[in-house]
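Please read the notes below with the sequence and the structure side by side. They are meant for a student who is meeting this chain for the first time.

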Amino acid sequence: MAEAILNFKGKPRFTAYSAGSHPSGAVRPEVLRQLQAARIPVQGLRSKSWDEFAKPDTPKIDFVFTVCDNAAKEVCPVWPGQPMTAHWGVPDPAAVHGSPQEVGRGFREAFTILDRRISLFLSLPIASIDKLALKKEIDSIGRR
């Protein structure tokens with residue numbers, strides 16, 4: 001969801017890529033429904049491993065935001081180019097079990113958190129603040 005939200009709201013300034021340590025191989029239908037309900041394009045979305053982005057020949061990455069609650073406990077790869085990183089933990093909606101309404105609520109809540117944090121990130125004056133202040137701001141966003 002974060003990839004689609006940032007690509008939609010941050011274009012043309014940003015190009016986002018989303019990946020995980022253990023991709024499922026498919027984008028969850030609940031994710032697609034949530035994005036479509038928000039009128040965010042879903043074309044081209046796919047489940048990806050972060051290994052795709054830890055190679056020297058990948059696109060330049062300026063920021064890496066881990067969003068899964070489990071990611072803070074995992075060993076992340078070394079990213080080429082030393083991008084700025086922050087942990088923006090979000091409860092994993094795929095871990096929600098129960099009725100279709102309960103599962104849907106989990107995905108809506110994750111979307112709302114990501115949408116708010118990405119909007120805050122996009123409002124930062126990235127070009128005019130120093131790296132230390134920027135790092136402090138992106139870390140702070142993950143606590144909101």
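**Notes on helices and cores**

1. Glu3 has its place in helix α1, where helices (H or I, at least four residues) and strands (E, at least two) are DSSP runs, numbered from the N terminus. This is a predicted model, in which local features need pLDDT of at least 70 and side-chain atom pairs count only at pLDDT 80 or more, while totals for chains, interfaces and linings use all residues. Residues are numbered from 1 along each chain as its sequence is written, and side-chain values use heavy atoms, with hydrogens and water left out.

2. Is Glu3 buried or exposed? Glu3 counts as buried because its relative accessibility is 11%, given that buried means under 20% relative accessible area, exposed over 50%, and partly exposed in between (1.4 Å probe, protein chains only). Not counting residues up to four places away in sequence, Glu3 touches Ala16, Tyr17, Ser18, Leu45 and Lys48, a contact being heavy atoms within 4.5 Å.

3. Helix α1 covers residues 2-10, and its buried residues are Glu3, Ala4, Ile5, Leu6 and Gly10. Among what covers these buried residues are α2 (29-37) and α3 (100-122).

4. The largest nonpolar core has 28 residues, of which Met1, Ile5, Leu6, Leu35, Phe63, Phe121 and Ile138 touch the most other members; such a core is a set of buried Ala, Val, Leu, Ile, Met, Phe, Trp, Tyr and Cys residues joined through side-chain atoms within 4.5 Å. Two or more residues of this core come from each of α1, α2, β2 (84-90), α3 and α4 (131-141), and α3 gives the most, with nine residues. A second, separate core of five residues includes Trp50, Ile61, Val64 and Trp79.

5. The axes of α2 and α3 come within 10 Å and cross at roughly 55°, where axes are lines fitted to C-alpha atoms, for helices over the stretch in contact, and angles run from 0 to 180 degrees between N-to-C directions. That angle makes α2 oblique to α3, since angles under 35 degrees count as roughly parallel, over 145 as roughly antiparallel, 65 to 115 as roughly perpendicular and the rest as oblique. On the α2 side the contact is made by Glu30, Val31, Gln34 and Leu35, and on the α3 side by Val103, Phe107, Arg108 and Phe111.

6. Leu132 lies in helix α4 and counts as exposed, because its relative accessibility is 68%. The C-alpha atoms of Leu132 and Pro83 are separated by 13 Å, although these residues are 49 residues apart along the chain.
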